[in-house]
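Here are my notes after a pass through the model, written as numbered points. Have the coordinates open as you read.

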Amino acid sequence: MNQASIHPRTLGYLGRALSLEFSAVQQYMTQAALCNAWGLTDAADRFRHETVEEMQHAERIVKRMLGLGVAPNASQLQPAGVASNLIDLLRQDLVLEAEIVALYEEAMRFCERIRDGVNAAFFEELLREESAHAREIQDWLVTLGFQPRRGRKKKPPK
């Protein structure tokens, strides 16, 4: 497949995905360094592991783009999320992961609509992995005693 035969919007999704994955790499690398400085070596090791996973996602996107005849370009790197404690770092990570998950879901659905099964499957695989990663962060927060909000509950009528 070459650039001429791929929908421009799909190329846009790939570029945004690459930017978000590199943003995640930067965020987890920064958070590993912070945790290391705080003496939280287990958390630092876990963030370093997350850095590698996100870098692998970025590499897959780069390979996909090159295979499509497109020069990879991560043009909108987000600033790394920093905080003064582990719980707040993880809360920021949930926000970033939610953005990544939403992008992959949107990209997958778009590719399905235009009958681009190959790219739909590519985004679906990344969606599955990032959704699992978001659940792992939520579980980590729970082990630290924080309960992430899963949605707003309506107040009962008076």
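**Notes on a predicted model**

1. Glu59 has a salt-bridge partner in Lys63, with 3.7 Å between the closest N and O atoms. With the cut-off for a salt bridge set at within 4 Å, the pair qualifies. Both residues belong to helix α2 and sit four residues apart, so about one helical turn separates them. Lys63 itself is exposed, at 55% relative accessible area.

2. The next residue along, Arg60, also has a partner, but in another helix. Its side chain meets that of Glu125 in a salt bridge, 3.4 Å from N to O. Because Arg60 is in α2 and Glu125 in α4, this pair ties together parts that lie 65 residues apart in sequence. Arg60 is partly exposed at 25% relative accessibility, and Glu125 is partly exposed too, with a relative accessible area of 33%.

3. Helix α2 runs over residues 41–67, which makes 27 residues. From first C-alpha to last it reaches 39 Å, close to the 39 Å expected at 1.5 Å a residue.

4. Which residues of α2 are buried? They are Ala43, Ala44, Phe47, Glu50, Thr51, Glu54, His57, Ala58, Ile61 and Met65. I'd click through Glu50, Glu54 and His57 while you are there, since they are among the buried ones and "buried" here means under 20% relative accessible area. The cover over the buried residues of α2 includes α1 (8–38), α3 (86–113) and α4 (117–143).

5. The side chains of Arg109 and Glu105 meet at 2.9 Å, N to O. The two are four residues apart in α3, about one turn of the helix. Arg109 is partly exposed with 41% relative accessible area, and Glu105 is partly exposed at 31% relative accessibility.

6. There is a network to look at as well: salt bridges with shared partners join Arg60, Glu125 and Glu129. How many salt bridges does a search of the whole structure find? The count is six. As a reminder of the general idea, side chains of opposite charge can pair when their charged atoms come close.

7. On cysteines, the disulfide count is zero. Cys35 is buried, at 0% relative accessible area, and Cys111 is likewise buried, at 0%. For a disulfide, the two sulfur atoms would have to lie within 2.5 Å of each other.

8. Last, a backbone point. Arg115 has a positive phi of about 65 degrees although it is not a glycine. Where does Arg115 lie? It is in the loop between α3 and α4. Is Arg115 buried or exposed? At 77% relative accessibility, Arg115 counts as exposed.

Key: Residues numbered from 1 in each chain as written. Predicted model: local features only at pLDDT ≥ 70, side-chain atom pairs only at ≥ 80, totals over all residues. Heavy atoms only, no water. Expected span 1.5 Å × (residues − 1). Buried < 20%, exposed > 50% of the residue type's maximum accessible area, 1.4 Å probe, protein only. Contact = heavy atoms within 4.5 Å.
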